[in-house]
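Please have a look at it first, and then we will go through it together.

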Amino acid sequence: MSDSEPPYPPIVKGASFLLAWRLDGRKVLLIGGGLVASGRLYYLLEAGARVTVVSPRKRLHPETAYRIDVSNPDDIIYEDRDYVGPEEDKLHVTDYDMVLTAIDEVGLSRKVCIACRQARVPVNVADVPPECDFYFGSQLRRGPLQIMVSTSGRGPKIASLIRKQIEASLPSDVEEAIDSVGKLRGELRQRAPGTGGPLGQKRMNWMIGICDAWRLDELGGMTPEVRKQLLDEGWNKDGKILSPKDVGLKSGIAGWLADTRTKVVDALGGGDMQVLKAGVTGFVLGAVIPGAIYIGSLYQRRR
Ligand SMILES: C[C@@]1(CC(=O)O)C2=NC(=C\c3[nH]c(c(CCC(=O)O)c3CC(=O)O)Cc3[nH]c(c(CC(=O)O)c3CCC(=O)O)/C=C3\N/C(=C\2)[C@@H](CCC(=O)O)[C@]3(C)CC(=O)O)/[C@H]1CCC(=O)O
Ligand SMILES: NC(=O)c1ccc[n+]([C@@H]2O[C@H](COP(=O)([O-])OP(=O)(O)OC[C@H]3O[C@@H](n4cnc5c(N)ncnc54)[C@H](O)[C@@H]3O)[C@@H](O)[C@H]2O)c1
């Protein structure tokens, strides 16, 4: 590094501040019930928010109507009417942790935005960037894994295309791997409880070591017995990091193929290997291709 080179990356302004907002049990006001609102509502409910939807029933998008009809009243409070404005309406933006509008009345949305900003309540006016304190992004979820793509408002369709590419490239066992790591972290914390300090550092180093030493598919296949072995013979012995090989698992593609063959042969009660390989390949392609098309269509929720 030359003397003039800065030691850390330069600041390039213009980004959004990305975070994972914990909305569980929080109150959100959603004004509008059309196509755009139906997408907002879906993500809010997945995050456990308590949503008040104000929108006349006659123009509800079918998905919004469905969510209202099947949801627990703790999750959605529905008001079948027009929202009349921050001054006039009986609902006050100050009573909410977040306000979203997805209506085709630009002037009314602007008033909502002004009221929210005065009260410092975060607001998103669908498709009006200057009236958004935060943008929505193109999202995907596989259980605990969530990915959001933002183009900083420049090209939402590009965000959607990139999200689909990411979706197609994700390993199929990513969810299992995250679940396994979550369980292992929980079990480690039971053995070594507490927050911060040298123990916290040791715990973190050990978890980082395990995640580096095991492939995603290996993590995903970790049984409760293997987790116990990692803790008994690794963590409890000077924080040693055991590899898949150390706990008796075959590593690499050969191990994966051997494991798969054993599982499939077991499931079928034995059989000829060539027929089996062709069958497995056909089955995998048959499952993956319609699966990808289904996932793709699930997310085509706009326009
Ligand atoms: C990602 C996604 C999430 C969601 O909304 O759930 C999202 N827009 C999506 C799709 C989409 N939106 C539009 C098109 C038509 C093509 C086009 O116009 O380019 C398509 C494509 C399509 O429908 O396929 C029209 C549009 N959108 C905005 C404007 C206003 C402007 O740009 O000035 C206009 C023009 C209106 C007009 O011309 O009248 C603005 C915003 N849209 C955002 C999010 C925020 C920035 C996101 C980012 O940083 O990338 C931001 C700033 C504010 C916000 O709404 O939060 C979702 C994809 C979901 C998915 O498929 O996975
Ligand atoms: N859908 C698109 O193609 C598109 C494109 C660009 C921008 N937008 C913008 O996104 C927003 C919503 O789009 P959409 O596709 O969901 O529209 P939409 O027409 O499907 O839905 C609008 C909803 O808002 C409700 N509404 C209108 N006035 C209301 C009020 N005062 N109180 C409560 N509810 C009210 C309607 O009853 C309807 O349910 C609009 O601002 C629209 O201009 C949409």
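Before I name any strand, let me say that two strands count as paired if DSSP finds at least two bridges between them, and that helices (H or I, at least four residues) and strands (E, at least two) are DSSP runs, numbered from the N terminus. What we have here is a predicted model, in which local features need pLDDT of at least 70 and side-chain atom pairs count only at pLDDT 80 or more, while totals for chains, interfaces and linings use all residues. Residues are numbered from 1 along each chain as its sequence is written, chains are lettered from A and ligands numbered from 1 in the order in which they are written, and side-chain values use heavy atoms, with hydrogens and water left out.

With that settled, look at strands S6 (residues 138-142) and S7 (residues 145-149), which run antiparallel and are joined by 5 bridges. Arg 141 stands opposite Gln 146 in S7, and in this hairpin, with 2 residues between the strands, Gly 143 takes a positive phi near 60°.

Turning to the open sheet, 5 strands form it in the order S3-S2-S1-S4-S5, with parallel pairing. S3 and S5 (123-125) each have a single partner strand, so one side of each of these edge strands is left without a neighbour in the sheet. Within this sheet, S2 (residues 50-54) and S3 (residues 76-79) are parallel and share 4 bridges, and Val 53 is placed opposite Tyr 78 in S3.

Finally, which residues are closest to ligand 2? Among the 19 residues that surround it (those with a heavy atom within 4 Å), the closest are Val 36, Arg 59, Tyr 83, Ile 103 and Asp 127. As for polar contacts, meaning pairs of N or O atoms within 3.5 Å, a polar backbone atom of Val 36 lies 2.8 Å from an oxygen atom of ligand 2, and a polar side-chain atom of Glu 105 is 3.0 Å from a nitrogen atom of the ligand.

Methods: Polar contact = N/O pair within 3.5 Å; in protein donor to acceptor, adjacent residues only side chain to side chain.
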